[in-house]
Each structure stands twice: as C-alpha cells, then as structure tokens.
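Hello,

Here is the structure I promised to pass on to you. Have a look at it first, and then read on for my notes.

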Amino acid sequence: MKVTLRVWRQKGPDQPGRFESYEAEVPSTDMSFLELLDTVNEGLIARGSDAIAFDHDCREGICGMCSQVIDGQPHGPDKAAATCQLHMRKFKDGDVITAEPFRAKAFPVVKDLVVDRSALDRVMSCGGFISVNTGAAVDANAVLVPKDDAEKAMDAAACIGCGACVAACPNAAAMLFVGAKVSQFALLPQGGPERARRVLRMRSAMDAEGFGHCSNEAECEAVCPKEVKLSNIARLNREFLRAVLVSPE
Amino acid sequence: MDTFLRLAASSIGRKMAVAALGLLLCGFLGGHLAGNLLLFVGQDAFNAYAHHLETFPLLEPVELGLASIILLHAAVTVYLKVTALMARPVGYAVQVSKGGRTWGSSTMIYTAVLILVFIVVHVATFKYGTRPSPSDLYGLVMGYLRDWRWAVFYALVMGGVGLHLSHGAWSACQTFGIDHPKYTPAIKAVGTAFAAAVALAFAVIPVWACFIKRGQP
C-alpha cells in the first residue's frame, strides 16, 4: 500500500509555512500513523533533509502529546483515539493524507506539526489542583464519596489535556478542557474549599490566554480521545454562575 | 455592580447574555405567533387585535425594549464571533466535522443575518406599509402574502428561524448549565419541537394566504 502524505512544514514560530508532499510506502497496515511518520523521517534524514517535527511520548494514548489534525480532524478519523492510536488500516491505497498542526492563537506553532500547548498548563496552574496539608497520609476511605459523583469525577479526570477540543472547536474554545478540570474537583469533597476560587481563576486565565467562547456545537466532545462529555461544560457554566452570584470570592 | 461586571467581562457571562436575550426573543415569537394565527379567524378578528395592540399605551416603550433586545443579542454575538476569529487567526486547510455540529449549529451566523435582514423588510412593509384603509392591517398583510414571491420569501425565512431555534433553544439551556442525564434529552426534544412548531406555524400563513386565500377577500 502506498499513500501520499501532505504535511505542514514550518521552520520556526515566526516563519512562513507550507504543505509538502511525500510518497510513502506502508509496509504494514498495522503500523501506526506516527510509525509511518518515523519511516518517512528515516528517508528524509538519509537524504540529508530536515525531518518532520511532531510531538509524541507514550504512544499508547495517555500522554496527549501527539496533537495533529489529520484529514481535517484532530487525532484523525478514529473515534476515541489519540493520533498514536491511529493505524494505517484506516486508510486505503492511494490516499492523500493531510497532516496539520492544531490551529489556535493560544497554541502557536513551534515547528512543523509541533505546537506549544503550555497555555493549558497556565490555566491549570491558576486553580486546577487542591491544597493538601502535609503530614501523615489520611486513611483512604475517611471521606465518603457517593459512587455516582466518583464516577463522574473520574470520567472528567480522564482528560489528558491534549487540546483536541480546542483544535476542533469552531471558536478555538478550551471550555471542555476547563470544564473537565473544574468538574473533577467540584464533584469531590476534597475540591470543595477552593471550589469558587478555582472556577473564577481558571475562567479568567482561559480568556486571558486567547481561547474563544463556547457555542455548544459539541465538536469538542466528538473528537475527544477520552470521550469527555459536554455535560462538563454545563457544570463549568453552573460553577461559574454560582461563584459569581453567591460565593464571597 | 461587581457581579454584573464580572459576568460582562467573561466569555461565559457574555454567552449567558446572548442566551438570556435569545430566550426572551423565543417568548416574543410565541406571542407574535398567537396574534398571527388570528389571520385564520378572519379580517375583523385580526384587525380588532391589531387595533388593540396599536392603541396599547405602552406600545412605544415595549417596541423600544424589543428592538434593544434584538440589537443587544446581535451585538454581543458579533463581539463573541470577532473574538472567536481572533482565537484562530490561521485556519485549517482541511476541516471535517466528527459529528458534533448540526445543520442548526453550523448555520447560526447565516440564519442570524437572514433574520436581521428579514426584520428590517418585515417592519418596513407590514408596520409602515400603506393599508387599504387605516384600520385594515389584514388587507395589507394579505395583499403582500398573496404575491407568491413574498409568500416564498416569508416561508423560507421561517425555515431559517426554525433552523436558528433548533440549536439556540437547547444551547441557551446548556449555557446556563441546565443539564441532567434525566432531563437533557427532554430539553433537546422540547427545543426541537418548539423550533419546528414556530417555523411551521409561521410558514403556513404565507402558504395559506398565497395558495388558498388567493382571489378571496
């Protein structure tokens, strides 16, 4: 099987970029898309050309680094999968596959397919944590958590911060990411004391980073590799309203 | 004041303003539709209703309030749209939906422009148009709608209104955080049913006027 890769090439953050095409032989349809990029890069390096820069780390769908838009969809055409979990069996002989970096003002391109997603880290540093006193470890089951709340919090905490929600959103909004992070703490008793402060600060940081607004189009939910639900955005809206209207913060 | 400023300064608060104003406009549409349906009852009933409205002492403040709601709904949306365009200065070469967007949600801005243009035309013709006699709004309305071009224009725009509401009604609830696994499917269904009912009921009037009442008083 042979495919043509149409890849965005950009030397640096302030450099102009363009698409370049590469013919690629696919030795096995069981190889991942990133492995195909590795193969193409081996050829480029052998010819003395600059390898295609792309982010990756765990290659098992849990680190959220492999952020690319493949054929118009963040992480490619598979459902509930990161780019590293996209396999070449999803494509057919002769396909032209377009790979672009995530596009958002808050995610500037570093090189080729690599973007700087540290805006999400800065939003997290404003409240995406709980403050815990040091000392002896508390008994694991000392604080009771309703089963349903624990499940919802766990589902929200499945967010790997890949930024696909931002990439897919027509407004480049980070509402699903912030919604998931606010929800995972708001649902648990441990997140209670900083609940209002957290949502106010994270919302403020989210807007300051230049993300857009939410128009409830649900593309974020559709592309999320961890299937984080849109109800987390509704919870973020509730948490924000509650914090503004009734909290002393 | 502090609460208002915090809401106004946030993207979430601004979206809530759009949602609240949109829900108010949904209420107005319901009232407007109820009045319009009197066209089916007959000339006297409709003209009596029009006279009742036009002699209402607070008509001007209400009209001013309604115009303000529409303009504010549009202005905040335009502001949000501009910030959204700034949030993605470089677009994609290829962009394919994964199934989140609907016809209604992806055409909101287009149906909004259509509705705004329609409102200007609608007010210019039906409010400030020349009536057969000063108390005969029925004659003016039916005069326009018996012309198939006006009837088609009205029916098409009402399709646009329905498309706009098919996303807007549920979206407004989601923006206010009204979401629950038990009730959200019902909220979505009611939103869609409201959108379809409003669009159909409004669109049936020009179709009826043009094809059934043509040539009749």
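Thr4(A) has Glu23(A), in β2(A), as its bridge partner. In this predicted model, that bridge belongs to a strand pair in chain A: β1 (residues 2-10) and β2 (residues 17-25) run in the antiparallel sense, with 9 bridges between them. How do you get from β1(A) to β2(A)? Through a hairpin of 6 residues. While you have the strands on screen, keep a general point in mind: along a regular strand, side chains alternate between the two faces of the sheet.

Staying in chain A, please look at two aspartates. Asp71(A) sits in the loop between β3 (69-70) and β4 (73-74), and its phi is positive, near 50 degrees, although the residue is not glycine. Asp112(A) is in the loop between β6 (109-111) and β7 (114-115) of chain A, and it too is a non-glycine residue with a positive phi, about 45 degrees. I point these out because most residues other than glycine have a negative phi.

Are these aspartates buried or exposed? Asp112(A) has 24 other C-beta atoms within 10 Å, and 20 or more count as buried, so Asp112(A) is buried. Asp71(A) has 18 other C-beta atoms within 10 Å, which falls between the cut-offs of 12 and 20, so Asp71(A) is partly exposed.

Now turn to chain B and find two of its helices, α9 (148-175) and α10 (residues 184-211). They pack with their axes 8 Å apart, at an angle of about 170 degrees. An angle over 145 degrees counts as roughly antiparallel, so that is how α9(B) and α10(B) are arranged. The residues in the contact between α9(B) and α10(B) comprise 23 nonpolar, 5 polar and 1 charged.

Finally, see where the two chains touch. There, 34 residues of chain B are in contact with 36 residues of chain A. On the chain B side, the elements that supply two or more residues are α1 (2-8), α2 (11-36), α5 (59-87) and α9 (148-175). Which of them gives the most? That is α5(B), with 5 residues. Sorted by class, the side of chain B that touches chain A holds 13 nonpolar, 14 polar and 7 charged residues.

Enjoy exploring, and write back with any questions.

Best wishes

Technical notes
Residues numbered from 1 in each chain as written. Chains lettered and ligands numbered in written order. Predicted model: local features only at pLDDT ≥ 70, side-chain atom pairs only at ≥ 80, totals over all residues. Contact = placed C-beta atoms within 7 Å. Helix = DSSP H or I, 4+ residues; strand = E, 2+ residues; numbered from the N terminus. Nonpolar A, V, L, I, M, F, W, Y, C, P; charged D, E, K, R; others polar. Axes fitted to C-alpha atoms, helices over the stretch in contact; angles between N-to-C directions. Parallel < 35°, antiparallel > 145°, perpendicular 65-115°, else oblique. Pairing = 2+ DSSP bridges.
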